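Q: I have a model open and would like to go through it with you. Could we begin with a single residue and then move to the larger elements?

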Amino acid sequence: MQPDSALASRPIGVFDSGVGGLSVLRQLLRLLPQEDFVYLADTAWAPYGERSTEEIQQRSLAITRHLVDTHAIKLLVVACNTATAQAVHAIREAYPALPIVGIEPAIKPAAALTLTGHIGIMATHATVQSQRFQRLEQEWSGDRQMHIQACNGLALAIENALENQANPDGETVESLCRRYVQALGSFVQDDAINGIDTLVLGCTHYPFAADVLRPLVGPGVRLIEPGEPVARQTARLLESARLLRPETLEHSVLHHGHLELLCTAAPKRLEQAARQWLHLPRASAQLLSNYAEAP
């Protein structure tokens, strides 16, 4: 059975409360380069972690409605840990026919990959304290040892570094990464059988600090980004629903998909993040000013 070309040509919607979800988008672009994407950053209401469950659900439903009604998306990726935990069930109830992929700390793939049985996890305080995280830890720990570190201020430092701003406490990405890596414990060295050999980056911002983290943990440690399993699951859902966009040749060149960037505030920050993190020198973001207020 061939895919419906009209449905398959629709874009994939991706949303987050800010720019951290670009790490998920980066993996989606790598795995599905022929697809069109619409990325919406709800920066007017970021961070979601400081909002009530009702507010998060209202915002998530309003954003989904915009992506469905205005952009006719064929699949939605919720590239936000908080929105996945607090609102993805409400989105699924409101849009039962829409394929939806949420995000969670990549503990499951880390458990499958570790050879030493020692897994490091860097995440926000809110994620570490969430029931969803604790269920994942219990489900996949088994005989493995989880080394968990809440990384207060790191996501903010990564965003502030975009515009060469300092954290309010003066901490930098480098100083915070060094402190939290040291707090996790010992990492595997060379071909040793002890120490942390797999490090879960449990926040969408943290992959953008990978260049800082790698020399701190050593070459024998694998970094697991949250966007990798999300991208694979997105591809699986599209394939099973026969919604993958066919790769086509235009003027003898393989067609690459189109990316549209939207935000509810601070378009310059989203543009700078896309230029620096996605290597898109001409990135331009559209401001949805009518979505800055509560739905």
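Q: Is G185 buried, partly exposed or exposed?
A: G185 counts as partly exposed, because its relative accessibility is 35%; buried means under 20% relative accessible area, exposed over 50%, and partly exposed in between, with a 1.4 Å probe and protein chains only. Please note that this is a predicted model, in which local features need pLDDT of at least 70 and side-chain atom pairs count only at pLDDT 80 or more, while totals for chains, interfaces and linings use all residues. Residues are numbered from 1 along each chain as its sequence is written, and side-chain values use heavy atoms, with hydrogens and water left out.

Q: Where does G185 sit?
A: G185 is in the loop between helix 9 and strand 7 (198–201). Helices (H or I, at least four residues) and strands (E, at least two) are DSSP runs, numbered from the N terminus.

Q: And how far apart are G185 and G195 in space?
A: Their C-alpha atoms are 8.0 Å apart, and the two residues are 10 apart in sequence.

Q: At what angle do helix 9 and helix 10 cross?
A: The axes of helix 9 (residues 173–184) and helix 10 (residues 210–217) come within 10 Å and cross at roughly 40 degrees. Axes are lines fitted to C-alpha atoms, for helices over the stretch in contact, and angles run from 0 to 180 degrees between N-to-C directions. The two helices are therefore oblique to each other; angles under 35 degrees count as roughly parallel, over 145 as roughly antiparallel, 65 to 115 as roughly perpendicular, and the rest as oblique.

Q: Which residues make that contact?
A: Helix 9 contributes V173, E174, C177, R178 and V181, and helix 10 contributes V212, L213, L216 and V217. Contact means heavy atoms within 4.5 Å.

Q: Turning to the sheet, what is the strand order?
A: Six strands form an open sheet in the order 4-3-1-2-11-12, with parallel pairing; two strands pair if DSSP finds at least two bridges between them.

Q: Which strands stand at the edges?
A: Strand 4 (100–101) and strand 12 (285–287) do; each has a single partner strand, so one side of each is left without a neighbour in the sheet.

Q: How many bridges join strand 11 and strand 12?
A: Strand 11 (residues 259–263) pairs with strand 12 over three bridges, in the parallel sense. A285 in strand 12 is the bridge partner of L261.

Q: Which strands does helix 12 touch?
A: Helix 12 (residues 267–277) packs on the sheet against strand 2 (37–41), strand 11 and strand 12, and its direction makes about 145 degrees with that of strand 11.

Q: What about helix 4: which strands does it lie across?
A: Helix 4 (residues 81–94) lies across strand 1 (12–16), strand 3 (75–78) and strand 4, at about 160 degrees to strand 3.

Q: What is the phi of H279?
A: H279 has a positive phi of about 60 degrees, although it is not a glycine. H279 lies in the loop between helix 12 and strand 12 and counts as exposed, at 64% relative accessibility.

Q: Finally, which residues does the cis peptide bond join?
A: A46 and P47 are joined by a cis peptide bond, with omega about -5 degrees. P47 is in the loop between strand 2 and helix 3 (53–71).
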